[in-house]
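These are my notebook entries on a structure that I am reading for the first time. I begin with a single residue and then turn to the chain and its side-chain pairs.

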Amino acid sequence: LVGFFDFLNIQAPDLLSRNSIFWSLTNIVTWQWTGYYMIIIYASLQSIDPSIYEAARIDGATKLQTALQVKVPIITSSLVLTGVFALIGTLQFFTEPQVLAPLAGNAIDAAYTPNLYAYNLAFSYQQFNYASAISFALGLMVFLASIIFLIATVVGAGIIIFLILIFFSLLGDAAAFFIHFSSPVAEASSVLRASISSMSFA
């Protein structure tokens, strides 16, 4: 990329600068998850009965009308599912800024995302109680935001499945976070007990 801009005698943009780092991270996440969401939506489209398309054509529906008024309503549950996954992933953003932080200098600070902030508090400043409180608060916020999103978009039996997925996802994230606090399990449980007591008496 730098050689291409040098060939055009144009200064290459600094994609890791403070003004560009957000768009660089957005580009990484877009390429990382778009294919996954496409598979979900494609599988949902493949499950539609072809006779529905035939009925729409007989009724005089155009391709655009078929897409917007036939396909989209049928795959609404899949669209909501991908929306929930995207919401959870956005609020739990960690890996990409953590990987780019050494390369981006001051563009990504220790509190760039909530997960990154909790991680740095725990492993850089040894404030385990504060970090655990932040992680649990973030998990609660993700859970509530997902519920609000689901209620605002779809009401039905499928919401129970979504809530179960979210619940187990949050449990897995919380367990992984506390396992990384220390190798001994006893020390991890003591940190958990201390964090709960500190939150209850705060």
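Entry 1: I looked up Thr76 and found it in helix 5; helices (H or I, at least four residues) and strands (E, at least two) are DSSP runs, numbered from the N terminus. Thr76 is partly exposed, because its relative accessible area is 29%; buried means under 20% relative accessible area, exposed over 50%, and partly exposed in between (1.4 Å probe, protein chains only). From Thr76 to Ile41 I noted 35 residues in sequence and 9.4 Å in space, C-alpha to C-alpha. Thr82 also has its place in helix 5, which covers residues 76–91. Thr82 counts as buried, since its relative accessibility is 8%. Leaving aside neighbours within four places in sequence, I found Thr82 in contact (heavy atoms within 4.5 Å) with Tyr37, Ile40 and Ile41.

**Entry 2: basis of the values.** The model is predicted: local features need pLDDT of at least 70, side-chain atom pairs count only at pLDDT 80 or more, and totals for chains, interfaces and linings use all residues. Residues are numbered from 1 along each chain as its sequence is written, and side-chain values use heavy atoms, with hydrogens and water left out.

**Entry 3: the chain.** I recorded 10 helices and 0 strands for the protein chain. Of its 202 residues, 28% are buried. Among contacts with a separation of 6 or more, 60% join residues 24 or more positions apart. The chain exposes about 13,100 Å², of which carbon and sulfur atoms supply 69%; accessible areas come from the Shrake-Rupley method with a 1.4 Å probe, and for residues only the protein chains shown count as cover.

**Entry 4: aromatic rings.** I found 7 aromatic pairs in the structure. The rings of Tyr119 and Phe123 form a tilted pair, because their centres are 4.7 Å apart and their planes stand at 45 degrees. For the term, rings of Phe, Tyr and Trp (its six-membered ring) pair if their centres lie within 6.5 Å; planes under 30 degrees apart count as stacked, over 60 as edge-to-face and the rest as tilted. Tyr119 and Phe123 are 4 residues apart in helix 7 (residues 114–123), so about one helical turn separates them. Tyr119 is partly exposed at 28% relative accessibility, and Phe123 is partly exposed at 31%. I also noted that ring pairs link Trp33, Tyr36, Tyr37 and Phe85 into a cluster.

**Entry 5: charges.** I found 1 salt bridge in the whole structure, the term meaning a side-chain nitrogen of Lys or Arg within 4 Å of a carboxyl oxygen of Asp or Glu. The partners are Arg57 and Glu54, whose closest N and O atoms are 2.6 Å apart. Arg57 and Glu54 lie 3 residues apart in helix 3 (residues 50–58), so they are separated by about one helical turn. Arg57 is exposed at 52%, whereas Glu54 is partly exposed at 38%. Lys71 lies over the face of Tyr53, 5.3 Å from the ring centre; this requires NZ of Lys or CZ of Arg within 6 Å of the ring centre and within 35 degrees of the ring normal.
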